[in-house]
Structures are given as structure tokens and as C-alpha cells.
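Biologist: I should like to learn how to read the features of a model such as this one. Might we take them one at a time?

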Amino acid sequence: MLIWILLGLMQPPSGTPIKGKDVVLCKFPNDPTVAMGSLSVVSLVLSVIVGHAAVFYPYKGKSVPRGVLFQSASLSVFFVIAELVSALALAMLLWATVTEGLHRSNNIHHDMDTQCPTAKTGLFGGAAFLALDAALFWLVAQMLALNARSDYLDEDDDKGDYGQVYASSHADVSKVSV
């Protein structure tokens with residue numbers, strides 16, 4: 001059922017309309033939607049801060065100029081995509097969270113035909129998916145920044161060259177029976 005709600009195919013129960021004299025009071029069930037939406041916004045902002053720090057923070061005390069970092073086309077593309085997806089996820093999370101908060105706080109309506117609406121769950125699901133995508137794009141951007149740094153600082157890993165095999169520490173393969 002949770003999957004159906006996240007995909008927007010099924011709405012959670014809306015508020016119960018209580019008709020009064022010339023007004024309708026909406027009573028909503030206890031629901032942590034606003035708190036969870038706020039926590040999601042904070043988590044996304046922290047993810048973006050950590051993503052920026054991972055890309056721009058000096059590596060082993062050696063800083064790399066930004067121009068050198070962004071000479072890599074793939075880093076530039078993934079950085080821009082991470083920024084855009086993060087901004088869209090933040091906008092959608094804020095929109096859904098603020099809308100749900102307003103529905104719960106402004107629960108007195110003068111329209112006698114109101115249905116006591118809730119925020120669209122598809123917004124929450126879509127925003128959550130975009131927030132996950134943003135975190136993954138930041139991870140890829142961080143890995144590409146590490147590659148650009150190692151190229152600029154001319155650092156090689158100590159694992160040897162590609163395809164190089166060291167047989168001195170291993171047993172003689174011809175004596176091993178299968």
C-alpha cells in the first residue's frame with residue numbers, strides 16, 4: 001500500500017469534514033508527514049553541502065584550482081546535473097511539505113463543499129526519488145573530482161600498472177593440482 005501511495009496511485013486518507021454553522025472544520029488523523037518532509041529537506045541540504053565539500057575541499061592538504069577541476073567535461077556535466085536535480089528535489093520537497101502544513105493549520109473552510117484535501121503524495125514520492133538521484137549524482141561527481149585531482153597532482157596509486165602481475169609472492173602455478 002505504501003508503494004501505491006508513493007507512486008500517487010492512491011491517496012492517504014484525507015481529513016474528516018465536520019460541518020458547523022457556515023464553516024467546515026477539517027479534522028486530520030495524526031500523521032508525521034510534515035515532520036518527515038522537514039527531515040527530508042534537512043537531509044537533502046546536508047547532502048548538497050557534503051557534495052560541495054567533497055568536490056571543492058583540498059585533497060590531502062593540497063588544493064586544486066577550480067578551473068583545473070572543471071576542465072574535465074564529465075565532472076562539469078555531473079556537477080551541473082547534481083546541482084539541478086538537487087534544486088528540483090528541494091523545490092518539490094518544500095512544496096509538498098509546506099502545502100501539507102498549510103492544509104493542517106488552515107483547517108477552517110467557508111466552502112461548505114470542501115473535501116479536506118491533503119498534499120499530493122506523488123509530489124512526496126517524486127521528490128524522494130529526485131533526492132536519491134541527487135545523492136548518487138553527488139557521489140559520481142566526487143569520484144570524478146578525485147580523478148581530476150590525481151591527474152593534476154600527478155599522483156599514481158601504488159597498486160602497479162594495469163595488467164602488471166607480480167608472481168614472486170605466489171606459489172608456483174605449475175605445481176598446483178586442480
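Biologist: Is Phe56 buried or exposed, or does Phe56 fall in between?

Modeller: In this predicted model, a residue counts as buried under 20% relative accessible area and as exposed over 50%. Phe56 has a relative accessibility of 28%, so Phe56 counts as partly exposed. Phe70, at 25%, is likewise partly exposed.

Biologist: Which aromatic pair do Phe56 and Phe70 form?

Modeller: Planes under 30 degrees apart count as stacked, over 60 as edge-to-face, and the rest as tilted. Phe56 and Phe70 are 5.9 Å apart centre to centre with 50° between the planes, so the pair is tilted by that cut-off. Phe56 belongs to helix H2 and Phe70 to the loop between H3 and H4, 14 residues apart.

Biologist: What is the geometry of the pair of Phe79 and Trp138?

Modeller: That pair is edge-to-face, with 5.4 Å between centres and 85° between planes. Phe79 of helix H4 and Trp138 of helix H5 are 59 residues apart, and both are buried. Phe56, Phe70, Phe79 and Trp138 form one aromatic cluster.

Biologist: How should the length of helix H4 be judged?

Modeller: One compares an expected span with the distance between the ends. Helix H4 has 33 residues, 73–105, and at 1.5 Å a residue should span 48 Å; the end C-alpha atoms are 48 Å apart, which agrees.

Biologist: What covers the buried residues of H4?

Modeller: The buried residues of H4 include Leu75, Phe79, Ala82 and Ala89. Their cover includes helix H2 (33–56), helix H3 (66–69) and helix H5 (121–152). Gly51, in helix H2, is buried at 5% relative accessibility.

Biologist: Which residues have the most contacts inside the largest nonpolar core?

Modeller: They are Leu44, Ala89, Met92, Leu93 and Leu130, in a core of 14 residues. H2, H4 and H5 each supply at least two residues of this core, and the largest share, six residues, comes from H5. Ala89 touches Leu44, Ala127, Leu130 and Ala131, leaving aside residues up to four places away in sequence.

Biologist: Where does UniProt place the transmembrane region feature?

Modeller: The unreviewed UniProt entry places the feature at residues 33–57, 69–96 and 122–141. In the model, residues 69–96 are 89% helix, and residues 122–141 are 100% helix with end C-alpha atoms 28 Å apart.

Methods. Residues are numbered from 1 along each chain as its sequence is written. This is a predicted model: local features need pLDDT of at least 70, side-chain atom pairs count only at pLDDT 80 or more; totals for chains, interfaces and linings use all residues. Side-chain values use heavy atoms; hydrogens and water are left out. Helices (H or I, at least four residues) and strands (E, at least two) are DSSP runs, numbered from the N terminus. The expected span of a helix is 1.5 Å times one less than its number of residues. Buried means under 20% relative accessible area, exposed over 50%, partly exposed in between (1.4 Å probe, protein chains only). Contact means heavy atoms within 4.5 Å. UniProt positions are given in the numbering used here, feature names are shortened, and annotations may be inferred rather than shown by experiment. A nonpolar core is a set of buried Ala, Val, Leu, Ile, Met, Phe, Trp, Tyr and Cys residues joined through side-chain atoms within 4.5 Å. Rings of Phe, Tyr and Trp (its six-membered ring) pair if their centres lie within 6.5 Å; planes under 30 degrees apart count as stacked, over 60 as edge-to-face and the rest as tilted.
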